[in-house]
Amino acid sequence: MSAVADTHAQDHHHGPAKGMTRWLLTTNHKDIGSMYLIFSFAMFLLGGSMAMVIRAELFQPGLQIVEPEFFNQMTTMHGLIMVFGAVMPAFVGLANWMLPLMVGAPDMALPRMNNWSFWLLPAAFLMLVSTLFMQGGAPNFGWTFYAPLSTTYGPPSTTFFIFAVHIMGISSIMGAINVIATILNMRAPGMTLMKMPLFVWTWLITAFLLIAVMPVLAGVVTMMLMDINFGTSFFDAAGGGDPVLFQHVFWFFGHPEVYIMILPAFGVVSHIIPAFARKPLFGYASMVYAVGAIALLSFLVWAHHMFTVGIPIFGQLFFMYATMLIAVPTGVKVFNWVATMFRGSMTFETPMLFSVAFVILFTIGGFSGLMLAIAPADFQYHDTYFVVAHFHYVLVPGAIFGIFAAAYYWLPKWTGTMYDETLGKTHFWLSFVGMNLAFFPMHFLGLAGMPRRIPDYALQFADFNMVSSVGAFMFGATQLLFLFIVVKCVRGYGEKASAKPWEGAEGLEWTVPSPAPYHTFATPPDVK
């Protein structure tokens with residue numbers, strides 16, 4: 001019987017709640033974690049199908065499948081759904097499932113708020129997706145919704161989009177408060193902060209980031225709302241406002257947001273790599289400080305998205321150097337992961353494959369990020385497919401591979417059933433090849449000058465776009481295999497998982513990245 005099914009929401013008067021009520025009213029962290037994960041996967045498939053529309057249109061030059069207007073709606077909705085509907089709820093789901101288990105708490109600190117923060121999400125995304133059926137269609141101004149394009153020229157549905165963003169933001173803030181309250185107040189006796197597993201640390205820091213930046217997003221969409229409906233001119237130059245103000249406020253939210261999407265993945269691979277290298281994580285304390293440093297620096301680099309708007313040369317220099325500085329703590333983390341693998345007794349089960357791919361491909365994304373950080377070079381790269389290649393190399397092998405790794409790693413614990421290893425590896429390799437085919441050619445397209453967010457392109461870009469589209473369809477189709485693997489596991493088809501499913505990980509596998517009891521390179525005292 002699955003671990004999900006045997007945890008019932010208790011109703012004091014009527015015994016265990018049954019059927020739909022159990023899911024609607026549940027305050028159980030495992031139930032809520034499962035609902036977050038199911039919802040995020042549904043959104044992943046929806047956002048992915050929108051990406052398929054984009055890649056089908058770009059398969060060859062000339063307009064063939066959709067109207068340019070609908071193409072723009074797809075790019076906007078794809079970005080919004082993947083960021084707010086797929087990646088963030090998936091990590092919140094992992095947090096709900098694992099944080100209480102890792103800190104030794106009976107549940108999350110605020111279980112009713114936990115339930116509410118989940119159920120706000122389906123409402124928000126129902127509203128967002130419903131804009132596709134409204135007069136004038138869905139938002140068509142890109143997921144960054146720059147004013148005045150969104151405020152003066154956006155479709156009437158923009159107001160609904162703003163409301164949906166508010167609701168998602170409320171959900172995120174409540175989830176973050178819950179994480180912080182749980183970690184700071186409910187740790188088992190003896191678990192000091194510097195003994196917490198790294199996934200707990202990365203989520204604690206992520207939660208503070210969420211509380212800091214979600215109100216900023218709420219502020220910028222409220223200013224949009226006022227400009228559209230109440231005659232203000234925050235972003236309208238004709239009324240004394242400034243369109244560039246929108247970009248400053250948006251990216252002050254938007255840059256920490258990309259770290260919100262990657263830090264929990266750092267925590268996940270910091271569990272998996274030690275387990276499958278069969279040795280403790282190298283440099284636990286430096287990992288904790290590196291995550292903290294990345295989080296702090298993420299507030300100082302927002303205008304690197306804006307080198308081309310005419311900021312003063314001193315501003316360009318400041319943001320350029322601050323951005324490059326983030327590479328230092330990130331490099332520390334990559335070094336520590338590689339040092340953990342060094343001379344370990346490594347085996348390559350599916351979670352480890354996703355984690356190793358994460359380290360390699362995320363590093364490639366980091367290097368193209370360093371290229372974009374160089375202000376004079378960014379004038380050439382800006383708004384080309386090079387930028388698209390960069391952030392997809394950070395988010396697909398980064399956030400999404402991190403989520404896959406976590407799912408495979410913890411599925412035996414969640415369901416009591418071992419997933420099918422052959423199918424898991426097939427899913428990994430097809431995803432790996434498809435992802436690289438889809439996004440690597442985009443670097444070349446961008447360097448050759450192909451602009452992003454345009455439904456048509458010049459003939460010289462045809463070959464790389466065709467390769468890219470084939471890779472994207474391969475990656476997209478492969479995710480149905482993942483669905484099959486997980487459903488099979490949840491239904492209990494497959495061998496029963498043992499108490500320690502990853503044998504040889506010395507029984508440390510759920511909490512490995514706590515500090516090693518002895519120096520990493522020393523022989524443990526009990527070994528002769």
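Colleague: In which helix does Ser-34 lie?

Modeller: Ser-34 lies in helix H2, which runs over residues 29–57; helices here are DSSP runs of H or I with at least four residues, strands are runs of E with at least two, and both are numbered from the N terminus. Please keep in mind that this is a predicted model, in which local features need pLDDT of at least 70 and side-chain atom pairs count only at pLDDT 80 or more, while totals for chains, interfaces and linings use all residues. Residues are numbered from 1 along each chain as its sequence is written, and side-chain values use heavy atoms, with hydrogens and water left out.

Colleague: Why is Ser-34 called buried?

Modeller: Buried means under 20% relative accessible area, exposed means over 50%, and partly exposed is in between, with a 1.4 Å probe and protein chains only. Ser-34 has 11% relative accessibility, so Ser-34 counts as buried.

Colleague: What makes the pair Ser-34 and Trp-97 a polar contact?

Modeller: A polar contact is a pair of N or O atoms within 3.5 Å; within protein, one must be able to donate a hydrogen and the other to accept it, and residues adjacent in sequence count only if both atoms are side-chain atoms. The side chains of Ser-34 and Trp-97 are joined by such a contact at 3.0 Å, although the two residues are 63 residues apart in sequence, with 7.5 Å between their C-alpha atoms. Trp-97 lies in helix H3, and Trp-97 is called buried because its relative accessible area is 2%.

Colleague: Which residues lie nearest the centre of the second largest pocket, and how many residues line it?

Modeller: The lining has 27 residues, and Ser-34, Leu-37, Ile-38, Phe-41 and Val-486 lie nearest the centre. On a 1 Å grid over the protein atoms alone, a pocket is an open set of points with protein on both sides within 12 Å along at least five of seven lines, a cavity is a set of points where a 1.4 Å probe fits but cannot get out, and lining residues have an atom within 4 Å of a point. The space in this second largest pocket is about 620 Å³, where a volume is the space filled by probe spheres set on the points, and points are joined across faces, edges and corners. H2, H3, helix H13 (385–415) and helix H15 (462–490) each supply at least two residues of its lining.

Colleague: How many residues of each class are in the lining of the second largest pocket?

Modeller: There are 23 nonpolar, 3 polar and 1 charged residues in that lining; Ala, Val, Leu, Ile, Met, Phe, Trp, Tyr, Cys and Pro count as nonpolar, Asp, Glu, Lys and Arg as charged, and the others, Gly among them, as polar.

Colleague: How many cavities does a search of the whole structure find?

Modeller: The search finds 4 cavities of 30 Å³ or more, and the largest cavity has a volume of about 100 Å³. Its lining includes Tyr-36, Phe-84, Ser-171 and Gly-175, and by class the lining divides into 7 nonpolar, 3 polar and no charged residues. H3 and helix H5 (158–185) each supply at least two residues of this lining.

Colleague: Why does Ser-171 count as buried?

Modeller: Ser-171, which is in helix H5, has 4% relative accessibility and therefore counts as buried. A polar atom of its side chain lies 2.7 Å from the backbone oxygen of Ser-117.

Colleague: Which residues have the most contacts inside the largest nonpolar core?

Modeller: They are Phe-84, Phe-125, Phe-145, Trp-203, Trp-337 and Trp-410, in a core of 170 residues. The largest share of this core, 21 residues, comes from helix H3 (residues 68–103). A nonpolar core is a set of buried Ala, Val, Leu, Ile, Met, Phe, Trp, Tyr and Cys residues joined through side-chain atoms within 4.5 Å.

Colleague: Why is Arg-453 called partly exposed rather than buried?

Modeller: Arg-453 has 31% relative accessibility, so Arg-453 counts as partly exposed. Arg-453 lies in the loop between helix H14 (421–447) and H15, and has a positive phi of about 65 degrees although it is not a glycine.
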